[in-house]
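This briefing describes the structure shown below, grouped by topic.

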Amino acid sequence: MANAATAPLLASSHDGEPAKEPSIDDVMEMYIGATGILQLLKAVLVAFAWAFDAQQVFISAFTDAEPRWHCLAASTGNSSCSRSSTAASPCALPPGTWAWDRPAVASVVSEWALSCAGGPALVSLPASSFFAGCLAGGFLLTTLADSLLGRKKMLLVSLVSMSVAGVLAIFAPNVWVYAALRLLSGFFRSMVGTCTLVLSTELVGKRCRHMVSAAAFFGFALGFLSLPALAYAFRDASWRNMYFWTSVPCLCYCVLLYFLVPESPRWLLVRGRKLDAMEALKQIISLNGSCATASFSLLDRCTVHEDDDGASSGGGVFATLQAMWERRWAFQRLAATMAASFGVGMFYFGMPLNVGSLGSDLYLSVTLNALAELAAAVLTWLLVSRSDRRSAVIALTAAAGACSLACVAIPRRAASARMAAEVLSFFAACTAFDVLLIYSTEMFPTSVRNSAVGLVRQTMVLGGAAAPVLIALGRESSLWSFGVFGIAIGCSGLFIPCLPETRGKRMSDTMEEEERNEAAMGLV
């Protein structure tokens with residue numbers, strides 16, 4: 001007798017026609033679609049990796065902050081110091097006439113006197129190096145999770161390498177070594193978000209994918225929110241404490257991930273590794289209280305043919321990119337998504353670094369932005385389950401752009417009003433960022449999904465890399481920072497109508513299957 005779970009797919013039709021060969025998506029739904037609580041918790045455990053990702057992205061807001069200074073009481077009669085504004089650089093003042101408000105070791109800028117040694121270029125070097133590493137890693141590593149390493153191994157390699165770089169930063173003797181380690185951290189960090197999102201959603205059934213995606217965004221928000229708490233706790237201690245308490249816990253998390261989480265069975269099947277896929281499925285099925293010795297005969301019926309696409313046949317590390325390049329519909333989707341992602345990324349990564357220009361307390365400003373990120377995760381969960389992807393992204397980018405432009409129109413003296421507009425704009429941008437990433441995972445088949453989402457994320461980072469220059473110019477005029485950010489994210493929504501709607505659509509596994517599904521709907 002056929003196994004009950006497989007019987008519907010093995011049966012023939014009443015008119016004698018043979019049953020349709022099941023796709024990998026059909027088979028995965030039969031085996032792991034009834035997502036149990038333990039299975040869901042494992043997927044959420046994977047999603048929590050975004051918390052450590054957030055910490056490394058925004059940690060420089062505190063470790064590399066330029067601290068305030070004051071004139072020493074004994075030298076208040078010194079005309080050079082008394083005439084100087086506390087907002088100006090103290091580099092031209094005589095030694096002994098001024099001091100930092102906090103201990104010099106509280107920031108890399110004050111510990112190594114970066115402001116006076118090299119000016120803004122040297123001060124921004126570590127953060128710029130991190131984003132440069134993210135860009136390099138994103139383009140060099142983006143296909144490994146689809147081709148050679150898989151989702152789990154790529155995620156572990158990225159997390160461990162990122163954390164080791166963070167631990168080594170504790171012992172950095174100068175800014176050059178520190179910047180090199182930030183470059184290394186950014187290089188490996190580039191794949192954490194993509195592998196996390198793809199692996200976690202591929203471990204559960206269709207009905208729980210949105211929940212797991214939202215859990216990843218919650219994790220990112222919690223990681224972001226933990227930074228002002230850590231920074232305040234170590235406000236009078238060395239900046240090196242921040243790296244210790246963000247890197248060491250991540251290494252411990254990697255141990256749990258290695259032993260508790262299986263590789264994506266969907267990816268294993270696409271790669272033709274049937275035995276490994278069976279072992280992964282047994283682990284997941286056992287979590288749901290089902291028999292781990294259930295029949296896996298359906299795995300033989302959902303084979304991926306070598307001529308389906310180069311990615312699934314193992315044609316090389318860059319076969320996935322070639323597969324998208326050779327198909328017009330895939331290239332158009334990728335190009336439109338990346339174009340929209342540039343403006344969203346510029347706003348998303350740039351706005352938290354620009355809150356200092358609002359004139360409010362740094363800890364309060366970052367905390368409010370982190371809370372906005374947390375609220376955005378809630379809204380994302382509601383939107384992906386109840387709203388179309390295209391209309392949601394268009395509305396959110398328009399709202400973020402309008403609120404950012406409002407920051408330009410509001411006078412600088414109205415700091416509270418500007419802060420409210422900034423938080424609202426960041427809230428809308430965070431939600432657009434989250435929905436756009438989920439949208440990206442749904443548009444591309446399994447064989448190229450990790451590569452496509454990786455390119456989308458790196459385009460967001462590329463937009464973020466352009467933000468520091470605009471922020472520096474924005475200190476003189478808000479039009480260069482808030483104004484350009486608002487125009488960029490507002491224009492991002494113009495590319496979304498070019499993309500297909502994916503709400504309620506099943507996930508394809510190969511390029512050929514995606515073409516068949518879209519052709520049936522008249523979209524390709």
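G464 lies in helix α23, which covers residues 446–474; helices (H or I, at least four residues) and strands (E, at least two) are DSSP runs, numbered from the N terminus. The model is predicted: local features need pLDDT of at least 70, side-chain atom pairs count only at pLDDT 80 or more, and totals for chains, interfaces and linings use all residues. Residues are numbered from 1 along each chain as its sequence is written, and side-chain values use heavy atoms, with hydrogens and water left out.

- With a relative accessibility of 1%, G464 counts as buried; buried means under 20% relative accessible area, exposed over 50%, and partly exposed in between (1.4 Å probe, protein chains only).
- G464 is in contact with G345, M346 and F349 once its neighbours within four places in sequence are left aside, where contact means heavy atoms within 4.5 Å.
- The C-alpha atoms of G464 and M351 are 9.3 Å apart in space, although 113 residues separate the two in sequence.

**The chain as a whole**

- The chain contains 25 helices and two strands.
- Of its 524 residues, 54% count as buried.
- Among contacts in the chain with a separation of 6 or more, 83% are accounted for by residues 24 or more positions apart.

- Helix α15 comprises 21 residues (240–260), which at 1.5 Å a residue should span 30 Å; its end C-alpha atoms are 31 Å apart, which agrees. The expected span of a helix is 1.5 Å times one less than its number of residues.
- The buried residues in α15 are R240, M242, Y243, T246, S247, C250, Y253, C254 and L257. They cover an arc of only 165° around the axis, which puts them on the same side of α15; the arc is that of the directions from the helix axis to the C-beta atoms.
- An α-helix has 3.6 residues a turn, so residues three or four places apart point the same way.
- Helix α3 (residues 37–47) packs with α15 at an angle of about 145°, and their axes are 10 Å apart. Axes are lines fitted to C-alpha atoms, for helices over the stretch in contact, and angles run from 0 to 180 degrees between N-to-C directions.
- This contact is made by K42, L45 and V46 of α3 together with Y253, L257 and L260 of α15.

**Helix α20**

- The 25 residues of helix α20 (residues 362–386) should span 36 Å at 1.5 Å a residue, and the end C-alpha atoms are 36 Å apart, which agrees.
- Buried residues of α20 include Y363, N369, E373, T380 and V384.
- The buried residues of α20 pack against α5 (60–63), α14 (209–233), α19 (328–354), α21 (389–409) and α22 (415–443).

**Buried arginines**

- R189 belongs to helix α12 (residues 175–189) and is buried, with a relative accessible area of 2%.
- The side chains of R189 and D53 are joined by a polar contact of 2.5 Å. A polar contact is a pair of N or O atoms within 3.5 Å; within protein, one must be able to donate a hydrogen and the other to accept it, and residues adjacent in sequence count only if both atoms are side-chain atoms.
- Beyond its neighbours within four places in sequence, R189 is in contact with D53, V57, F130, C134, M162, R457 and V461.
- R389 lies in helix α21 and is buried, with a relative accessible area of 1%.
- The side chain of R389 reaches the backbone oxygen of S387 at 3.1 Å.
- Not counting residues up to four places away in sequence, R389 touches H210, L383, V384, V435, Y439, E442, E501, T502 and R503.
- R389 and L499 are 110 residues apart in sequence, with a C-alpha to C-alpha separation of 9.7 Å.

**Other individual residues**

- T441, in helix α22, is buried with a relative accessible area of 7%, and its side chain reaches the backbone oxygen of I438 at 2.7 Å.
- V270, in helix α16 (residues 265–270), is buried with a relative accessible area of 4%. The C-alpha atoms of V270 and S447 are separated by 6.7 Å, while the two residues are 177 residues apart along the chain.
- A113 occupies the loop between α7 (108–111) and α8 (114–117). A113 has a positive phi of about 50° although it is not a glycine, and at 37% relative accessibility A113 counts as partly exposed.
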